[in-house]
Amino acid sequence: MPLRILVAVAGAARERLERILAGHDLTFAATLKELCAAWQPERFDAVLVGTHFDESTAFDALREVLAGERAPPVICVHALPFGHGLGESTMHAFRAACYELGVRLVLDLLEYRENPAGDRKARRILERTVNPAWRRKPSPSSRRARGPA
């Protein structure tokens, strides 16, 4: 069953997330105004907020979705490089601030190759974060690798 996910990211990250999350029911927001218009906690299984978010900061978006008592799992996604001179220490501080606000996962997509294998790995992490019981049916090749049951 597809997950219903609100995805609040800048346009440049949208294409990759569409590939990674293909088959799920995605609602996109590029601005805080669009996020607020779409936001209904009971409507979504998860919320993804990008580190690059048009016309606002990711923290404004995070505060908006985490303000309610019944917020679904919130995942912060870093999909685009930070500006010149900002690197590992910036990501470390960003990650710490997100967890302090109540984010369930900060996923740095730059750690996954932008190819089908990297996208599959990122997808599995996102799906299991939203629903730890999420299990994919094993492929025939993985059953052969493990041998008979």
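Begin by selecting Arg 14 and Phe 28, where the charged end of Arg 14 sits over the ring of Phe 28, 4.0 Å from its centre; a charge counts as sitting over a ring if NZ of Lys or CZ of Arg is within 6 Å of the ring centre and within 35 degrees of the ring normal. The model is a predicted one, in which local features need pLDDT of at least 70 and side-chain atom pairs count only at pLDDT 80 or more, while totals for chains, interfaces and linings use all residues. Residues are numbered from 1 along each chain as its sequence is written, and side-chain values use heavy atoms, with hydrogens and water left out.

Next, select Leu 21, which is found in the loop between helix 1 (11-20) and strand 2 (25-29); helices (H or I, at least four residues) and strands (E, at least two) are DSSP runs, numbered from the N terminus. Leu 21 has a relative accessible area of 2% and is buried, a word that stands for under 20% relative accessible area, with exposed being over 50% and partly exposed in between (1.4 Å probe, protein chains only). Leaving aside neighbours within four places in sequence, Leu 21 is in contact (heavy atoms within 4.5 Å) with Ile 5, Leu 26, Leu 48, Arg 123 and Leu 126. Show Asp 119 as well: Leu 21 and Asp 119 are 98 residues apart in sequence, and their C-alpha atoms are 8.7 Å apart in space.

Now move to the aromatic rings, where the structure holds 2 aromatic pairs. Rings of Phe, Tyr and Trp (its six-membered ring) pair if their centres lie within 6.5 Å, and planes under 30 degrees apart count as stacked, over 60 as edge-to-face and the rest as tilted. Select Trp 39 and Phe 44, which form a stacked pair, 6.4 Å centre to centre with 5 degrees between the planes; both residues are buried. Then select Phe 59 and Phe 94, a tilted pair with 5.3 Å centre to centre and 50 degrees between the planes. This pair links distant parts of the chain, with Phe 59 in helix 3 (residues 58-66) and Phe 94 in helix 4 (residues 88-101), 35 residues apart. Phe 59 is partly exposed at a relative accessible area of 25%, whereas Phe 94 is buried at 8%.

Finally, stay with helix 3 and select its buried residues, Ala 58, Ala 61, Leu 62 and Val 65. Seen down the helix axis, these fall within an arc of 100 degrees, so they line one face of helix 3; the arc is that of the directions from the helix axis to the C-beta atoms. The buried residues of helix 3 pack against helix 2, strand 3 (46-50), strand 4 (74-78) and helix 4.
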